[in-house]
Amino acid sequence: MRRRIEGMKEAPLISIVMPTYNAKPAWLRDAIESVRRQIYPHWELCIADDASPSAESRALLAELAAGDARIKVVFRPENGHICAASNSALELATGEWVALMDHDDLLSEHALFWVADCIDRHPEARLIYSDEDKIDEEGVRSSPYFKSNWNLDLFYSQNMFSHLGVFRADVVKSVGGFRLGMQGSQDWDLVLRCMEKISASQILHVPRVLYHWRIHAESTASSADAKPYAALAGERALNEHFLRLGVDAKAEYTGVGYRVRYALPATVPLVSLIIPTRNGLHLLRQCVDSILARTTYENYEIIIVDNGSDDPATLSYLASFQDSVFVRVIRDDREFNYSALNNMAVTHARGDIVGLINNDIEVISSEWLSEMVSLAIQPGVGAVGAKLWYPDRTLQHGGVILGVGGVANHSHKGIAFGDNGYFSRANLIQSFSAVTAACLVVKKDRYLSIDGLDEIHLKVAFNDVDFCLRLLEKGFRNIWTPYAELFHHESATRGADVAPEKRERFVREVNYMLDRWGAILKDDPAYSPNLTLDREDFSYAWPPRNLQVGET
């Protein structure tokens, strides 16, 4: 690391901003010593004491500042709470970069090294964040949060930027520093205002645990209930951000994070729901009836693609829609090709929005389509996926993780109803690299702009993953929402791929995906190199896939 530092084109000065008030002296000393132990030497520690009544903590600060010229301390004459204290500490900062640190937390000794390394490799960077874990009063570490790369929709659901958060000083100054009255969510509010000034490509993630967040009775690391005002401040920070951007949306705290509700236009767009089927009357009827009976979104049509049904009862059911206003049936007798069937149906779709729906889907939440459409019409959004449950109420689809099992698999597959998943990601709106086409909504023009599903190479498997990755390649982000809930009686009419010819086709499709998308399959930006590709449960990977030669 020291050799790497010597080879840096520019070794930036990093100013660590630390507000403090009545800190427990032992923890405050530990926090400051963790800065002094940094392998990267180009730092300054800027501390603002917010008129602490504790003479012991003030004396400790004076002692440590006197013993190290890199430690700067200002003693505020009156208490102004954390936002004012943070601004006072910020006024001491002279570095090109600013890192935020609480007075009872710890930095990993290589924290600033990896930040400087990121800055050196990515001069375009303006905001940088890392992974983090928690440390208790006995010094035992736990609960590492291995984060994704920048994930706007997850960030709107929770402050996944958090610790260690590092900012270009000029960006922080351009937005006026911390806003008074935002205590509890002051860091989140700062990131929201900074990101309005830069592009998403300038927000970078260091996938290493660089910050240890202290757990104690008064800390939000222990429980969000420790600071109930933080939830209200979070709502305010998000809602004022949307107001500044002119986005008609409202955020509300849910207990596990925040839900952003995007408004639908006064005249909602027509949605064409496409359902390929062959026989399977019970499932098809269940699917169509549940849509018609439980969907509050009113402006939609259903296009059933009959792929060679020969069951008399099914044919009779399909014929019953001959005069229907909402349901059309298109007959297509070719060999089963999921991609081709949907592509054909899209050319017949009247709607500006297309919904791909499996015939074994059953609606649970009445607002499922309203939720998905409200996301699909947002600028920059490609495909939108839903939360799909098996009939036994275990999770079937919580977004798609690339690389799991070789090509891709479903996030949190099999978790029980009510389980929030890894850092609540099973219950938060967020971006994924892909979502399943068992229930997928996308604007029709975006579907057509990438020529729809690949009907040549991916007739059955992974066509949805490939579709989403091509949207991603075009600059769109794909979103999964837990607020559109449906049952998925998975592949009940098609059966398993056990026949030799089906197995051969599946192997060809796997190989195509590996050849076409091999790089991103090994490093999903919506996942983490510190998490396993062997399972869907966000277990830790060992060794991590981003270890460098000689690193432990």
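A residue is taken as buried when its relative accessible area is under 20%. By this criterion, nine of the eleven residues of helix 15 are buried in the predicted model. Helix 15, spanning residues 463–473, is therefore largely enclosed by the rest of the structure. The buried set runs through N463, D464, V465, D466 and F467, and also holds C468, L469, R470 and L471. After helix 15 comes G475. The phi of G475 is positive, near 100°.

Cysteine pairing was examined next. A disulfide is a covalent bond between the sulfur atoms of two cysteines. The structure contains zero disulfides. C46 takes part in none, and its nearest cysteine sulfur, that of C194, is 17 Å away. C46 is also buried, at a relative accessible area of 0%. For C83, the closest cysteine sulfur again belongs to C194. The separation is 14 Å, and C83 is therefore too far from C194 for a bond; the cut-off is 2.5 Å. C83 counts as buried, with 1% relative accessibility.

The surface shows a nonpolar patch. L292, V325 and F326 form this patch. Together they present about 300 Å² of accessible area. L292 lies in helix 10, which covers residues 281–294. The relative accessible area of L292 is 36%, so this residue is classed as partly exposed. Patch membership requires over 30%, a value that L292 passes at 36%.

How values were computed: Residues are numbered from 1 along each chain as its sequence is written. This is a predicted model: local features need pLDDT of at least 70, side-chain atom pairs count only at pLDDT 80 or more; totals for chains, interfaces and linings use all residues. Side-chain values use heavy atoms; hydrogens and water are left out. Patches are made of residues with over 30% relative accessible area and no salt bridge: like charges are joined within 9 Å, nonpolar side chains (Val, Leu, Ile, Met, Phe, Trp, Tyr) within 5 Å. Accessible areas come from the Shrake-Rupley method with a 1.4 Å probe; for residues, only the protein chains shown count as cover. A salt bridge is a side-chain nitrogen of Lys or Arg within 4 Å of a carboxyl oxygen of Asp or Glu. Helices (H or I, at least four residues) and strands (E, at least two) are DSSP runs, numbered from the N terminus. Buried means under 20% relative accessible area, exposed over 50%, partly exposed in between (1.4 Å probe, protein chains only).
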